[in-house]
Amino acid sequence: MSADITVAGVRLVGEVEAWLAAQTPGDRAVELSPLARGRVADRAGQIAAVATVDVLRVLAETTSVLIDRGWVRGAYTRPEGLCLSGALEHVGQALEPTWGYQRAYDARKAATLAVEVVLAAHEHTPYIPMWNDDLRRTSAEVLAVLAVAQQVAVRIGASR
């Protein structure tokens, strides 16, 4: 692991903790669990290796796909919509003809990791299908996570 990637991960862990503290009533300090800290730092390092503009495009188009086609739980894709993982994959495949396989794959993977950072920061499972398929999950929550994932991608891109 390069020093730049480690620095990006450590910075993001601190930023995530500060952001969570700002969301918490009162002046209570917030510290991620060691497991969540490791997940955030590792994913930040990988996200930093991909152009921010590419990651943002995948996240924005994923949001559009879920709004236009609908969101579902329990299946990758259905006539009535896609799950979050299915939408990310759909966008990655749609970008392949113009971007080429590797660029589209890298951007989709980094976008997925940005979503996982958001989930880990909230001490949820970072495994998107488990989170998506929670019976209490709503489409509004999925879209909110994508919006925060865009902020995460921008922060990581700025730390390079």
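Mentor: Start with angles. Between two axes, 65 to 115 degrees counts as roughly perpendicular, and over 145 as roughly antiparallel. Keep in mind that this is a predicted model.

Trainee: How do helix α3 and α5 cross?

Mentor: The axes of helix α3 (residues 52-69) and α5 cross at roughly 70° and come within 8 Å. Therefore α3 and α5 are roughly perpendicular to each other.

Trainee: Which residues in α3 and α5 meet?

Mentor: From α3, take Asp54, Val55, Val58 and Leu59. Their partners in α5 include Ala107, Ala110, Ala111 and Ala114. The residues of this contact divide into eight nonpolar, no polar and three charged.

Trainee: At what angle do helix α2 and helix α5 cross?

Mentor: Roughly 160°, for α2 (residues 34-47) and α5 (residues 101-121), with axes that come within 9 Å. So α2 and α5 are roughly antiparallel to each other. Their crossing is left-handed. On the α2 side, the contact is made by Ala36, Arg39, Val40, Arg43, Gln46 and Ile47. On the α5 side, Leu113 and Val117 are among them. Here the division is nine nonpolar, one polar and four charged.

Trainee: Now a single residue. Is Asn132 buried or exposed?

Mentor: Use the cut-off: buried means under 20% relative accessible area. Asn132 has 0% relative accessibility, so Asn132 counts as buried. Asn132 lies in helix α6 (residues 128-132).

Trainee: What does Asn132 touch?

Mentor: Leaving out residues up to four places away in sequence, Asn132 touches Trp71, Val72, Arg73, Cys83, Leu84, Arg137 and Val142. With Trp71, the side chains make a polar contact (2.6 Å).

Terms used:
Residues numbered from 1 in each chain as written. Predicted model: local features only at pLDDT ≥ 70, side-chain atom pairs only at ≥ 80, totals over all residues. Heavy atoms only, no water. Axes fitted to C-alpha atoms, helices over the stretch in contact; angles between N-to-C directions. Helix = DSSP H or I, 4+ residues; strand = E, 2+ residues; numbered from the N terminus. Parallel < 35°, antiparallel > 145°, perpendicular 65-115°, else oblique. Left-handed = near helix turned anticlockwise from the far one by under 90°. Contact = heavy atoms within 4.5 Å. Nonpolar A, V, L, I, M, F, W, Y, C, P; charged D, E, K, R; others polar. Buried < 20%, exposed > 50% of the residue type's maximum accessible area, 1.4 Å probe, protein only. Polar contact = N/O pair within 3.5 Å; in protein donor to acceptor, adjacent residues only side chain to side chain.
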